[in-house]
Amino acid sequence: MDFSAITVLCIGDVMLDRFVYGEMERISPEAPVPVLRLGRTREMPGGVGNVANNILSLGGRAILVGLVGADAPGDALRALLGGRPGLTDALVATDARPTICKTRFIAANQQVVRADQESRLPLQPAEATLLRAAIDAHIGAADIVVLSDYAKGTCADPVVAHAIAAARARGIAVFVDPKSRDFARYRGAACITPNARELAQATGLPVDTDAEIESAARAAMAQAGAGAILATRSEKGMALVERDAPTHIVPARAREVFDVSGAGDTVIATLALAAGSGMTLAQAMHVANAAAGVVVGKLGTATVALDEVLAELDAQDHAQGLAAGDMPALLPRARAAEQVARWKAQGLRVGFTNGCFDILHPGHVALLAAARAACDRLVVALNDDASVARLKGPERPINRLEDRARVMAAIRHVDAVVPFHEDTPLDLIRLLLPDVLVKGADYRPDQVVGADVVRQAGGRLVLATLEQGQSTTRTIGRIRAANEATNGTANGDQDA
């Protein structure tokens, strides 16, 4: 997993996050409030600045567009940004408002109070003009756009509409972290990432169960004309709802939570980078879920590094394996998609082959070995029993799907087995998007189902050499011939 070639244009409310650490020793005699003896102070970019910081921490590049005032917090913010390689400072200076500054007072590893410096003045026409100009000046260098709306003024309608229109004109996807209850403001976005509370407020619908989340997300998607809704659900993980695609739900791994400050920034930064690198949204969601799991274990407005995300993905794999007892012989599609996403997030090449594999023979084993040699992890898709019968005739399969899956899962070249009920695995290939698609050399490239899908996604087709004289049909024929010979001998002995 390498994000070094991805540049994200980050637009939104930028702020200075200031953390003042102290010791709480007594209650004030003047009022029933704690007295803090102040110690060290730590400052870092917040809001969309934290999105950019996370992008840099994950190895990507960021262009930062927002408003900054002519004041000491603004100077401190620009000083922090100026030292970051890979970051382009495209901030717009304004005299109409102060730099947003959130000062959190921390004692005993928890916030005691927060003091905010900001203006509630609506975005001024001159500010909107300068922000649009900054977007136009830098969008040509971007691979993907993030709109981080903290409802502090920058993401006013003229700026949001301009950014989305400019991105769509260049074929660039826009990801939105919303604060407005009116998702129609983000019309045309590729993906909107509300938390459960924001989704409920935007739609007026309940969001307690998986089914309710999906219903609310589809309503929000229709309202916004968006391509997808990714709902973050705290300890319940995330839910991705895409138009004309199955819903994906991933749980959060149980861990100690120290601070959720900026977790949404980490999610959208990771999601944008992963999607910009070519992952599907479902795959990108798994990476973002892992990143969120890391960052909530840190105190303050924290960032996450790529090696931490990879370690968390490994831990999730281990936890899931323990919960399931080991990888089951037959994976449902949703779980197969989750597993493939985790493998890809770890930089592993995922291969895919398919077939009936009714009676396993040396030719099958040779094909599987060749397939595994072309990738790091191999997924085998098995036709279900009804599909085999349609393809091979009413007497097939000889072995039921569950039995075929158990045998296939025991082959050392195979890492996952998933069924499909259609006559071809095209829908499954579109869902998993393998890096390598493998079929026997008895096919021509133009005959391989899904080859165009894999190639368009940057993958490749491998046609593996087959062992001559090996087939399930021939095996069945030999069994029948042996049975007939045995029956004939028996009948002859009886006649004799």
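Reader: What span does helix H7 (residues 263-276) reach from its first C-alpha to its last?
Author: Helix H7 has 14 residues, where helices (H or I, at least four residues) and strands (E, at least two) are DSSP runs numbered from the N terminus. This is a predicted model, in which local features need pLDDT of at least 70 and side-chain atom pairs count only at pLDDT 80 or more, while totals for chains, interfaces and linings use all residues. Residues are numbered from 1 along each chain as its sequence is written, and side-chain values use heavy atoms, with hydrogens and water left out. The expected span is 1.5 Å times one less than the number of residues, and the span of H7 is close to that expected value, reaching 20 Å.

Reader: How many of the 14 residues of H7 are buried?
Author: Buried means under 20% relative accessible area, exposed means over 50%, and partly exposed lies in between (1.4 Å probe, protein chains only). The buried residues of H7 include Ala263, Asp265, Val267, Ile268 and Leu271. H7 is largely enclosed by the rest of the structure, because the number of its residues that are buried is 12 of the 14.

Reader: Which residue with a positive phi follows H7?
Author: After H7 the chain comes to a residue whose phi is positive, near 110 degrees. That residue is Gly278.

Reader: Is Asp244 buried or exposed?
Author: Asp244 lies in the loop between strand S14 (238-242) and strand S15 (248-250), and has a positive phi of about 60 degrees although it is not a glycine. With a relative accessible area of 77%, Asp244 is exposed.

Reader: What is the relative accessible area of Phe357?
Author: Phe357, found in the loop between strand S16 (350-355) and helix H11 (362-373), is a residue other than glycine with a positive phi near 45 degrees. Phe357 is buried, and its relative accessible area is 7%.

Reader: Which residue in strand S17 is the bridge partner of Gly351?
Author: In S16, six of six residues are buried, with Val350, Phe352 and Asn354 pointing one way and Gly351, Thr353 and Gly355 the other way. S16 and strand S17 (residues 377-383) pair in the parallel sense over six bridges, where two strands pair if DSSP finds at least two bridges between them. The bridge partner of Gly351 in S17 is Leu378.

Reader: Which residue of strand S19 stands opposite Gly351?
Author: S16 and strand S19 (residues 436-440) pair in the parallel sense over two bridges. In S19, the residue opposite Gly351 is Val436.

Reader: Which strands stand at the edges of the open sheet of four strands?
Author: The order of the sheet is S3-S2-S8-S9, with mixed pairing, and strand S2 (residues 14-27) pairs with strand S8 (residues 100-107) in the parallel sense over eight bridges. Each edge strand has a single partner strand, so one side of each is left without a neighbour in the sheet, and these edge strands are strand S3 (34-47) and strand S9 (110-117).

Reader: At what distance from the ring centre of Tyr21 does Arg40 lie?
Author: A charge sits over a ring if NZ of Lys or CZ of Arg is within 6 Å of the ring centre and within 35 degrees of the ring normal. Lys179 lies over the face of Tyr150 at 4.9 Å from the ring centre. Arg40 lies over the face of Tyr21, and its distance from the ring centre is 4.1 Å.
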